[in-house]
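Have a look at the fold below, and keep it open while you read. We'll walk through a few of its spots in turn.

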Amino acid sequence: MSKVYVFDHPLIQHKLTYIRDEKTGTKEFRELVEEVAMLMAYEVTRDLPLEEVSVKTPVATATSKVIAGKKLGIVPILRAGLGMVDGILKLIPAAKVGHIGLYRDPETLKPVEYYCKLPSDVEERDLIVTDPMLATGGSAAAAISFLKERGARSIKLMCLIASPEGIETVQKEHEDVDIYVAAIDERLNDHGYIVPGLGDAGDRLFGTK
């Protein structure tokens with residue numbers, strides 16, 4: 001079974017409160033999502049392997065550490081997942097970025113892929129899939145399945161807020177994918193929104209209705 005990591009860091013929890021607040025405008029909302037994503041990326045990358053190198057300081061030669069050639073990729077689920085990308089890139093500027101877009105078929109209610117563009121060496125990269133809200137879990141689980149079909153072998157899912165139902169769905173379908181969240185909320189309502197949640201992340205990020 002995959003693991004679920006909930007970040008209780010004071011800075012993350014403080015900023016998440018303002019992200020939830022309905023009075024927070026688009027500009028501030030976008031900035032806060034980016035900042036929380038950056039703080040979360042710090043922990044998501046904690047297990048990256050290191051190797052020792054020699055570097056000459058102005059005083060002497062030092063043995064120091066660098067990341068051991070690990071290739072990283074960020075894959076936002078369109079469109080709301082885009083809001084988390086820049087925050088991660090500030091910490092990992094060399095990461096490649098892919099994109100995956102899904103919509104729900106109104107008749108079958110199953111996710112359908114309408115766009116997918118990934119790094120050519122996706123099978124060699126540790127991928128971080130981003131989506132602010134893990135509600136039913138259907139889109140996230142489908143996106144991970146589409147990535148695996150294209151050869152992805154190492155995937156982590158990073159969300160701001162999750163429902164218990166969404167976590168259960170992803171864990172059931174992808175036992176090898178760890179989930180990183182800033183909060184697990186109470187439940188889903190009849191319309192599939194997380195309660196209390198933050199509303200529609202895409203609309204609040206891009207100022208649409």
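Predicted model: local features only at pLDDT ≥ 70, side-chain atom pairs only at ≥ 80, totals over all residues.

## Around leucine 72

Setting aside the residues within four places in sequence, leucine 72 is in contact with Leu48, Ile92, Ala95, Lys96, Arg125 and Asp126.

Leucine 72 sits in strand E4, which runs over residues 72-78. Is leucine 72 buried or exposed? Its relative accessible area is 10%, so it counts as buried, the cut-off being under 20%.

## The largest pocket

Now for the largest pocket, with a volume of about 740 Å³. It is lined by 28 residues, and the closest to its centre are Asp131, Met133, Ala135, Ser139 and Asp200. The lining splits into 16 nonpolar, 8 polar and 4 charged residues.

Which elements build this lining? At least two residues each come from strand E4, strand E6 (99-104), strand E7 (111-117), E9, H4 and helix H6 (201-206).

## What the record marks

An unreviewed UniProt entry has a "binding site" annotation that covers Arg79, Arg104, Asp131, Pro132, Met133, Leu134, Ala135, Thr136, Gly137, Gly138, Ser139 and Asp200. In the model, the lining of the largest pocket includes Arg79, Arg104, Asp131, Pro132, Met133, Leu134, Ala135, Thr136, Gly137, Gly138, Ser139 and Asp200. The unreviewed UniProt entry also places a "binding site" feature at Ile194, Gly199, Asp200 and Ala201. Ile194, Gly199, Asp200 and Ala201 are likewise included in the pocket lining.

Leucine 134 belongs to strand E9 (residues 133-134). With 1% relative accessibility, it counts as buried. Beyond its sequence neighbours within four places, leucine 134 is in contact with Ala140, Leu157, Cys159, Ile161, Ala162, Ser163, Gly166, Ile167, Val170, Ile179 and Ile194. Alanine 135 is in the loop between E9 and helix H4 (138-149). Why does alanine 135 count as buried? Its relative accessibility is 18%, and buried means under 20%. Leaving out neighbours within four places in sequence, its contacts are Ser163, Glu165, Gly166, Leu188, Gly192 and Ile194.

Aspartate 200 has its place in the loop between strand E13 (194-195) and H6. Aspartate 200 counts as partly exposed because its relative accessibility is 30%, which lies between the 20% and 50% cut-offs. Apart from neighbours within four places in sequence, aspartate 200 is in contact with Arg79 and Tyr193.

## Two cis bonds

Most residues other than glycine have a negative phi, and most peptide bonds are trans. Against that background, look at the bond from leucine 78 to arginine 79: it is cis, with omega near 0°. Arginine 79 lies in the loop between E4 and H3.

The peptide bond from valine 195 to proline 196 is cis too, again with omega near 0°. Proline 196 is found in the loop between E13 and H6.

## Nonpolar cores

The largest nonpolar core has 35 residues, and those touching the most other members are Ile19, Met40, Ile88, Met158 and Leu160. Helix H1 (10-20), helix H2 (26-44), E4, helix H3 (85-91), strand E10 (154-162), strand E11 (178-184) and H6 each supply at least two residues. H2 provides the largest share, 8 residues.

Not counting residues up to four places away in sequence, isoleucine 19 touches Phe29, Leu32, Val33, Val36, Leu160, Leu198 and Arg204. There is also a second, separate core of 25 residues, with Ala142, Leu147, Ala162 and Val177 among them.

How values were computed:
Residues numbered from 1 in each chain as written. Heavy atoms only, no water. UniProt positions renumbered as here; feature names shortened; annotations may be inferred. 1 Å grid on protein atoms, 1.4 Å probe; cavity = no way out; pocket = protein on both sides within 12 Å on 5 of 7 lines; lining within 4 Å. Helix = DSSP H or I, 4+ residues; strand = E, 2+ residues; numbered from the N terminus. Buried < 20%, exposed > 50% of the residue type's maximum accessible area, 1.4 Å probe, protein only. Contact = heavy atoms within 4.5 Å. Points joined across faces, edges and corners; volume = space filled by probe spheres on them. Nonpolar A, V, L, I, M, F, W, Y, C, P; charged D, E, K, R; others polar. Core = buried A, V, L, I, M, F, W, Y, C linked by side-chain atoms within 4.5 Å.
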